[in-house]
Amino acid sequence: MKVVLASKNPHKLVEIQAILKPLDMELVLESQLGVSVDVEETGETFEENSLLKADAVMKATGLPALADDSGIAVDALGGAPGVHSARYGDDPTLDDWGRLLLLLKNTEHVPDGERQAQFVCVITLVYPDGRVIQARGEAHGELLRQAQGTGGFGYDPIFYYPPAGKTFACLTAEEKNRVSHRANALKVLYEKLCKEREYADK
């Protein structure tokens, strides 16, 4: 089955392919089909935004489409930045580092021991016949007060992951791909697809 990934990121394609490979799914980037879909992420949840992106690419290609939406949610900020993680601060001049510094500034008042946060990822698969499968994955940790590590991207340098004893930015790509929120969401999606296949074979 050919599935279009609603992304222009080849690294994301490789990561997802590795986990879904046993399903014999041919995953391709939208750009490989000559499609470029820009979707306004107007949803208030990761589920809504992921569905918006997958549905738009499915309609543009006529093929099943897979999309994800992710971000960091800080308990002390009521779950913010959440779905606005990539646009945090509503300042178009901010890059990833600028948004990281803004989050540190906005959590200065949060005492140690109360800096819990989680990375969240929701993956949605939309079929042309209207079927929708969603999977949610999370990685729980806490915010540091200063960056550690040079790997990863986004908020990885300030997200301390207790099971590893280091930030996401200090993990190798292979280590992160085993424990990240996207990896956890993909594992759930894999299980759901396996069950769907078993049901179809009966």
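Arg-182 and Asp-68 form a salt bridge, with the closest N and O atoms 3.0 Å apart. The pair connects distant parts of the chain, since Arg-182 sits in helix 5 (residues 181-201) and Asp-68 in strand 3 (residues 65-74), 114 residues apart. A salt bridge here is a side-chain nitrogen of Lys or Arg within 4 Å of a carboxyl oxygen of Asp or Glu. Helices (H or I, at least four residues) and strands (E, at least two) are DSSP runs, numbered from the N terminus.

This is a predicted model: local features need pLDDT of at least 70, side-chain atom pairs count only at pLDDT 80 or more, and totals for chains, interfaces and linings use all residues. Residues are numbered from 1 along each chain as its sequence is written, and side-chain values use heavy atoms, leaving out hydrogens and water.

Back to the pair. Arg-182 is buried, at 11% relative accessible area, and Asp-68 is buried too, at 8%. Buried means under 20%, exposed over 50%, and partly exposed in between (1.4 Å probe, protein chains only).

Lys-59 and Asp-55 meet in a salt bridge at 2.9 Å, N to O. Both lie in helix 2 (residues 46-61), four residues apart, about one turn of the helix. Lys-59 is exposed at 62%, while Asp-55 is partly exposed at 23%.

The whole structure has 14 salt bridges.
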